[in-house]
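This report looks at how one protein chain packs.

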Amino acid sequence: VDSTVAVHLLQQAGYSVHGVMLRLWKAGGEITQEELRQEKLAADAASQMGVPFEVLDVRQQFRDRVVEYFIRSYESGITPNPCFYCNRMLKFNSLLSYADSHNIEFVSSGHYARVVQTENAIQLLRGTDSQKDQAYMLASLRNEQLARLVLPLGDLTKGQVRTITSAMKFKAGESKESQDVCFLPEGDYASFLLAQNADVSQPGDIVNQQGMIIGRHKG
């Protein structure tokens, strides 16, 4: 929904747009039917708007960088934030590399955040919609990445985006909201981690501030 409306707004602003979707690795390694459905929705929306569209297969890079980081973090007793890490190390790197190879100046996304450039600085600001603000997800991007980022939804609410989707009859409006870890469709990260490394489960005591043991955890 968000990416489709972003394309629509970019076209209205006079940009020439090229649509790109990243195919990411999923637990199990196979392309799921839901992934194919989402890719078709994106392709249909691009066709409706007269936008060239292609899918970039970055499954191996995603597995090597993001999923490995996810696993190693838990092995070290750290709770990871794979989406935050992915935006800087994989997603926007991949998109900017693609843009460079096709002589494209900017990269855009459907994130609810704002980028403001002045003579002396580049500022990443929260999105207008406080319920959907995603500036925190982009906070690890480097200045040179932010300088080429266009965010058409930063000043809109989710409700306004849904209204545009309905008015334009975009098929992407059928998509559901998702905030799960994208490579674990069932959300069962514990089973996934144990399958990768059984030693990731190290039971221990749960201790309160008075030093009393009040339970046990599974690691």
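Which residues does Phe62 touch, not counting residues up to four places away in sequence? The model is predicted. In it, Phe62 touches Leu24, Trp25, Val67, Cys86, Leu90, Cys182 and Phe183.

**Nonpolar cores**

Phe62 is also one of the residues with the most contacts inside the largest nonpolar core, along with Phe183 and Phe192. That core has 30 residues. Helix 3 (59-75), helix 4 (82-101) and helix 7 (189-196) each supply at least two residues of it. Helix 4 gives the largest share, seven residues. A second core is separate and has nine residues. Among them are Val7, Leu10, Val150 and Phe170.

**Rings**

The count of aromatic pairs comes to 10. How are the rings of Phe70 and Tyr74 arranged, stacked or edge-to-face? Their centres lie 5.3 Å apart, with the planes at 75°. Planes over 60 degrees apart count as edge-to-face, so this pair is edge-to-face. Phe70 and Tyr74 both belong to helix 3. They are four residues apart there, which means a separation of about one helical turn. Their accessibilities are listed below.

| Residue | Relative accessible area | Class |
|---|---|---|
| Phe70 | 3% | buried |
| Tyr74 | 22% | partly exposed |

The cut-off for buried is under 20%. Tyr74, at 22%, therefore counts as partly exposed.

Ring pairs also build a cluster. It links Trp25, Phe62, Phe70, Tyr74, Phe183, Tyr189 and Phe192.

**Helix 2**

Helix 2 spans residues 33-48, 16 residues in total. From first C-alpha to last it reaches 22 Å, close to the 22 Å expected at 1.5 Å a residue. Its buried residues are Glu35, Glu39, Leu41, Ala45 and Ala46. Why do these buried residues line one face of helix 2? Seen down the helix axis, they fall within an arc of 155°, so they line one face. The cover over these buried residues includes helix 1 (2-12), strand 1 (19-23) and strand 2 (53-57). On the face turned away from the buried side, helix 2 carries the exposed residues Gln33, Lys40 and Ser47. Just after the helix comes Gly50, with a positive phi of about 70°.

Key. Residues numbered from 1 in each chain as written. Predicted model: local features only at pLDDT ≥ 70, side-chain atom pairs only at ≥ 80, totals over all residues. Heavy atoms only, no water. Expected span 1.5 Å × (residues − 1). Buried < 20%, exposed > 50% of the residue type's maximum accessible area, 1.4 Å probe, protein only. Arc of directions from axis to C-beta. Contact = heavy atoms within 4.5 Å. Core = buried A, V, L, I, M, F, W, Y, C linked by side-chain atoms within 4.5 Å. Phe/Tyr/Trp six-rings, centres within 6.5 Å; stacked < 30°, edge-to-face > 60°.
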